[in-house]
Amino acid sequence: MTFKTKESRLLLVLGSFFVANTILSEFIGVKIFSVEGTLGIKHFNINLLGVPNLSFHMSAGVLTWPLIFIMTDIINEYFGMKQVRFLSILTAILIAYAFFIVWGAMNLNSSDFWVNQQINGRMLNMDNAFAGIFGQGMWIIVGSIAAFLIGQFADVLIFHKIKKITGERALWLRSTGSTLVSQLIDSFVVIFIAFYLNPQYHWSWQMVAAIGLVNYTYKFLVAILMTPILYVVHSIIDNYLGKDLAHKLIKMAGRG
(Lines give C-alpha, C1' and ligand atoms only; values in the text may rest on other atoms or scores of the structure.)
Protein backbone atom coordinates (compact mmCIF):
# COMPACT_ATOMS: atom_id res chain seq x y z
CA MET A 1 0.00 0.00 0.00
CA THR A 2 1.21 3.49 -0.84
CA PHE A 3 0.11 6.84 0.58
CA LYS A 4 -0.55 8.54 -2.74
CA THR A 5 -4.30 8.98 -2.32
CA LYS A 6 -5.87 11.66 -0.15
CA GLU A 7 -7.75 9.17 1.98
CA SER A 8 -4.67 7.03 2.67
CA ARG A 9 -2.63 10.09 3.71
CA LEU A 10 -5.50 11.27 5.89
CA LEU A 11 -5.72 7.92 7.67
CA LEU A 12 -1.95 7.91 8.20
CA VAL A 13 -2.01 11.40 9.75
CA LEU A 14 -5.05 10.72 11.94
CA GLY A 15 -3.72 7.33 13.04
CA SER A 16 -0.30 8.78 13.86
CA PHE A 17 -1.77 11.53 16.03
CA PHE A 18 -4.05 8.98 17.69
CA VAL A 19 -1.18 6.67 18.64
CA ALA A 20 1.18 9.50 19.63
CA ASN A 21 -1.36 11.23 21.86
CA THR A 22 -2.37 7.98 23.55
CA ILE A 23 1.21 7.02 24.41
CA LEU A 24 1.94 10.58 25.52
CA SER A 25 -1.09 10.41 27.80
CA GLU A 26 0.32 7.32 29.52
CA PHE A 27 3.67 8.95 30.31
CA ILE A 28 2.61 12.48 31.23
CA GLY A 29 -0.26 11.00 33.23
CA VAL A 30 2.04 10.35 36.19
CA LYS A 31 1.83 14.07 37.02
CA ILE A 32 -1.22 15.05 39.08
CA PHE A 33 -2.25 18.69 38.82
CA SER A 34 -4.85 20.88 40.46
CA VAL A 35 -7.45 22.21 38.03
CA GLU A 36 -8.50 24.90 40.49
CA GLY A 37 -4.90 25.91 41.15
CA THR A 38 -4.14 26.07 37.43
CA LEU A 39 -7.18 28.29 36.87
CA GLY A 40 -6.31 30.41 39.91
CA ILE A 41 -9.54 29.68 41.78
CA LYS A 42 -10.32 28.33 45.24
CA HIS A 43 -10.46 24.56 45.73
CA PHE A 44 -14.03 23.26 45.78
CA ASN A 45 -13.47 20.79 48.67
CA ILE A 46 -16.45 18.62 47.77
CA ASN A 47 -17.85 16.03 50.20
CA LEU A 48 -19.17 13.05 48.25
CA LEU A 49 -20.26 9.57 49.38
CA GLY A 50 -18.63 10.16 52.74
CA VAL A 51 -15.29 11.13 51.19
CA PRO A 52 -14.34 14.66 52.36
CA ASN A 53 -12.38 17.49 50.74
CA LEU A 54 -12.45 16.27 47.15
CA SER A 55 -11.10 18.70 44.58
CA PHE A 56 -10.31 18.46 40.89
CA HIS A 57 -6.90 16.80 41.05
CA MET A 58 -6.41 15.34 37.59
CA SER A 59 -3.80 13.32 35.76
CA ALA A 60 -1.91 15.41 33.21
CA GLY A 61 -3.03 12.79 30.70
CA VAL A 62 -6.28 14.76 30.38
CA LEU A 63 -4.32 17.22 28.21
CA THR A 64 -4.31 14.75 25.35
CA TRP A 65 -7.43 12.63 25.87
CA PRO A 66 -9.80 15.15 24.21
CA LEU A 67 -7.58 14.95 21.11
CA ILE A 68 -7.63 11.14 21.30
CA PHE A 69 -11.41 11.05 21.27
CA ILE A 70 -11.65 13.63 18.48
CA MET A 71 -9.29 11.44 16.43
CA THR A 72 -11.36 8.38 17.38
CA ASP A 73 -14.61 9.95 16.20
CA ILE A 74 -13.11 11.42 13.03
CA ILE A 75 -11.54 8.08 12.04
CA ASN A 76 -14.83 6.40 12.89
CA GLU A 77 -16.73 8.91 10.76
CA TYR A 78 -14.59 8.55 7.63
CA PHE A 79 -13.11 5.04 7.90
CA GLY A 80 -15.48 3.02 10.09
CA MET A 81 -15.42 0.78 13.16
CA LYS A 82 -12.88 -1.76 11.92
CA GLN A 83 -10.16 0.86 11.45
CA VAL A 84 -10.73 2.32 14.94
CA ARG A 85 -10.70 -1.11 16.55
CA PHE A 86 -7.51 -2.06 14.71
CA LEU A 87 -5.82 1.19 15.76
CA SER A 88 -7.00 0.76 19.35
CA ILE A 89 -5.58 -2.77 19.63
CA LEU A 90 -2.34 -1.69 17.93
CA THR A 91 -2.04 1.27 20.30
CA ALA A 92 -2.59 -0.94 23.38
CA ILE A 93 0.21 -3.23 22.14
CA LEU A 94 2.48 -0.21 21.58
CA ILE A 95 1.73 1.11 25.09
CA ALA A 96 2.75 -2.25 26.57
CA TYR A 97 5.85 -2.25 24.35
CA ALA A 98 6.75 1.28 25.49
CA PHE A 99 6.49 0.31 29.17
CA PHE A 100 8.62 -2.80 28.49
CA ILE A 101 11.36 -0.64 26.93
CA VAL A 102 11.13 1.80 29.86
CA TRP A 103 11.47 -1.12 32.30
CA GLY A 104 14.61 -2.15 30.42
CA ALA A 105 15.98 1.41 30.61
CA MET A 106 15.30 1.55 34.36
CA ASN A 107 17.38 -1.59 34.87
CA LEU A 108 20.45 -0.24 33.08
CA ASN A 109 23.44 0.51 35.31
CA SER A 110 23.58 4.33 35.52
CA SER A 111 26.81 6.25 34.99
CA ASP A 112 28.16 7.73 38.23
CA PHE A 113 28.47 11.27 36.86
CA TRP A 114 24.82 11.24 35.75
CA VAL A 115 23.16 10.05 38.97
CA ASN A 116 23.62 13.14 41.14
CA GLN A 117 22.90 16.40 39.37
CA GLN A 118 21.95 19.91 40.33
CA ILE A 119 18.59 20.90 38.84
CA ASN A 120 17.19 24.39 39.50
CA GLY A 121 19.56 24.85 42.40
CA ARG A 122 18.79 21.50 44.07
CA MET A 123 20.70 18.25 44.12
CA LEU A 124 18.65 15.53 42.52
CA ASN A 125 19.16 11.77 42.27
CA MET A 126 18.40 11.21 38.60
CA ASP A 127 17.93 7.44 39.07
CA ASN A 128 15.16 8.04 41.60
CA ALA A 129 13.63 10.78 39.45
CA PHE A 130 13.65 8.56 36.35
CA ALA A 131 12.07 5.67 38.26
CA GLY A 132 9.51 7.98 39.86
CA ILE A 133 8.38 9.44 36.54
CA PHE A 134 8.51 6.38 34.30
CA GLY A 135 8.22 3.50 36.77
CA GLN A 136 4.46 3.18 36.96
CA GLY A 137 3.20 0.12 38.80
CA MET A 138 1.91 -2.94 36.95
CA TRP A 139 -1.63 -2.47 38.30
CA ILE A 140 -1.75 1.11 36.97
CA ILE A 141 -0.41 0.01 33.58
CA VAL A 142 -2.93 -2.83 33.32
CA GLY A 143 -5.73 -0.55 34.53
CA SER A 144 -4.95 2.19 32.03
CA ILE A 145 -4.66 -0.22 29.07
CA ALA A 146 -7.88 -2.02 30.04
CA ALA A 147 -9.73 1.28 30.51
CA PHE A 148 -8.43 2.54 27.16
CA LEU A 149 -9.57 -0.54 25.23
CA ILE A 150 -12.97 -0.84 26.91
CA GLY A 151 -13.57 2.90 26.49
CA GLN A 152 -12.56 2.81 22.82
CA PHE A 153 -14.75 -0.17 21.96
CA ALA A 154 -17.70 1.43 23.77
CA ASP A 155 -17.11 4.73 21.95
CA VAL A 156 -17.05 3.03 18.54
CA LEU A 157 -20.18 0.98 19.19
CA ILE A 158 -22.25 3.87 20.57
CA PHE A 159 -21.08 6.19 17.78
CA HIS A 160 -22.42 3.81 15.14
CA LYS A 161 -25.63 3.03 17.05
CA ILE A 162 -26.45 6.75 17.11
CA LYS A 163 -25.39 7.17 13.47
CA LYS A 164 -27.84 4.47 12.38
CA ILE A 165 -30.61 6.55 13.93
CA THR A 166 -29.51 10.04 12.83
CA GLY A 167 -27.79 9.23 9.53
CA GLU A 168 -25.14 11.78 8.58
CA ARG A 169 -26.91 14.49 10.57
CA ALA A 170 -26.14 15.48 14.18
CA LEU A 171 -22.40 14.81 14.26
CA TRP A 172 -22.29 16.48 17.69
CA LEU A 173 -24.77 13.94 19.09
CA ARG A 174 -22.96 10.77 18.03
CA SER A 175 -19.53 12.18 18.79
CA THR A 176 -20.19 13.86 22.13
CA GLY A 177 -22.68 11.18 23.19
CA SER A 178 -20.27 8.32 22.53
CA THR A 179 -17.43 10.20 24.23
CA LEU A 180 -19.48 10.92 27.35
CA VAL A 181 -20.44 7.26 27.78
CA SER A 182 -16.96 5.90 27.00
CA GLN A 183 -15.34 8.36 29.39
CA LEU A 184 -17.75 7.34 32.13
CA ILE A 185 -16.53 3.77 31.69
CA ASP A 186 -12.87 4.83 31.42
CA SER A 187 -13.04 6.99 34.57
CA PHE A 188 -14.09 4.07 36.76
CA VAL A 189 -12.27 1.12 35.17
CA VAL A 190 -8.77 2.56 35.62
CA ILE A 191 -9.39 3.56 39.25
CA PHE A 192 -11.09 0.24 40.07
CA ILE A 193 -8.19 -1.83 38.73
CA ALA A 194 -5.31 0.41 39.82
CA PHE A 195 -6.51 1.29 43.32
CA TYR A 196 -9.35 -1.05 44.37
CA LEU A 197 -8.07 -4.40 43.11
CA ASN A 198 -4.43 -3.45 43.73
CA PRO A 199 -3.40 -5.01 47.09
CA GLN A 200 -0.94 -2.14 47.70
CA TYR A 201 -3.89 0.21 48.16
CA HIS A 202 -6.96 -0.17 50.33
CA TRP A 203 -9.44 2.10 48.61
CA SER A 204 -13.08 1.57 49.53
CA TRP A 205 -15.76 1.45 46.84
CA GLN A 206 -16.91 4.85 48.14
CA MET A 207 -13.46 6.29 47.42
CA VAL A 208 -13.43 4.76 43.94
CA ALA A 209 -16.95 6.04 43.19
CA ALA A 210 -16.34 9.53 44.60
CA ILE A 211 -13.03 10.14 42.81
CA GLY A 212 -14.42 8.57 39.63
CA LEU A 213 -17.40 10.95 39.69
CA VAL A 214 -15.19 13.98 40.25
CA ASN A 215 -12.91 12.94 37.38
CA TYR A 216 -15.89 12.28 35.13
CA THR A 217 -17.40 15.68 35.91
CA TYR A 218 -14.25 17.33 34.57
CA LYS A 219 -14.20 15.11 31.47
CA PHE A 220 -17.91 15.73 30.87
CA LEU A 221 -17.42 19.49 30.80
CA VAL A 222 -14.34 19.28 28.57
CA ALA A 223 -16.13 16.94 26.13
CA ILE A 224 -18.95 19.48 25.76
CA LEU A 225 -16.49 22.34 25.26
CA MET A 226 -14.54 20.37 22.62
CA THR A 227 -17.61 19.86 20.38
CA PRO A 228 -17.00 22.99 18.24
CA ILE A 229 -13.40 21.83 17.61
CA LEU A 230 -14.78 18.57 16.21
CA TYR A 231 -16.77 20.53 13.64
CA VAL A 232 -13.71 22.60 12.73
CA VAL A 233 -11.64 19.43 12.15
CA HIS A 234 -14.51 17.88 10.20
CA SER A 235 -14.73 20.96 7.96
CA ILE A 236 -10.96 20.99 7.33
CA ILE A 237 -11.05 17.33 6.31
CA ASP A 238 -14.07 17.85 4.03
CA ASN A 239 -12.23 20.68 2.30
CA TYR A 240 -9.11 18.56 1.94
CA LEU A 241 -10.92 15.51 0.55
CA GLY A 242 -13.49 17.36 -1.51
CA LYS A 243 -17.23 17.02 -1.08
CA ASP A 244 -17.70 13.93 -3.24
CA LEU A 245 -14.84 11.88 -1.75
CA ALA A 246 -15.75 12.90 1.80
CA HIS A 247 -19.36 11.83 1.30
CA LYS A 248 -18.25 8.53 -0.28
CA LEU A 249 -15.93 7.71 2.65
CA ILE A 250 -18.59 8.59 5.24
CA LYS A 251 -21.14 6.42 3.46
CA MET A 252 -18.75 3.47 3.26
CA ALA A 253 -17.72 3.92 6.91
CA GLY A 254 -21.36 3.73 7.96
CA ARG A 255 -21.54 0.15 6.68
CA GLY A 256 -19.17 -1.00 9.39
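**Pocket, cavity and helix packing**

The largest pocket is lined by 33 residues, and Gly-29, Ser-59, Val-190, Asn-215 and Lys-219 lie nearest its centre. The model is predicted, so local features need pLDDT of at least 70 and side-chain atom pairs count only at pLDDT 80 or more, while totals for chains, interfaces and linings use all residues. Residues are numbered from 1 along each chain as its sequence is written, and side-chain values use heavy atoms, with hydrogens and water left out.

Pockets and cavities were found on a 1 Å grid over the protein atoms alone. A pocket is an open set of points with protein on both sides within 12 Å along at least five of seven lines. A cavity is a set of points where a 1.4 Å probe fits but cannot get out. Lining residues have an atom within 4 Å of a point. Points are joined across faces, edges and corners, and a volume is the space filled by probe spheres set on them.

The largest pocket has a volume of about 910 Å³. Two or more lining residues come from each of helix H1 (6-28), strand E4 (57-59), helix H3 (65-79), helix H7 (138-166), helix H8 (171-197) and H9. Helices (H or I, at least four residues) and strands (E, at least two) are DSSP runs, numbered from the N terminus. H8 gives the largest share of the pocket lining, 7 residues. The lining divides into 18 nonpolar, 12 polar and 3 charged residues. Here Ala, Val, Leu, Ile, Met, Phe, Trp, Tyr, Cys and Pro count as nonpolar, Asp, Glu, Lys and Arg as charged, and the others, Gly among them, as polar.

The count comes to 1 cavity of 30 Å³ or more. The largest cavity holds about 120 Å³ of space. Its lining has 13 residues, with Ile-70, Ser-175, Thr-179, Ala-223 and Met-226 nearest the centre. H3, H8 and H9 each supply at least two of the lining residues. By class, the cavity lining has 8 nonpolar, 4 polar and 1 charged.

Helix packing was also examined. Helix H9 (residues 205-241) and helix H10 (residues 243-253) pack at an angle of about 115°, with axes 6 Å apart. Axes are lines fitted to C-alpha atoms, for helices over the stretch in contact, and angles run from 0 to 180 degrees between N-to-C directions. The contact (heavy atoms within 4.5 Å) joins His-234, Asp-238 and Leu-241 of H9 to Lys-243, Leu-245, Ala-246, Leu-249 and Ile-250 of H10. These residues divide into 5 nonpolar, 1 polar and 2 charged.
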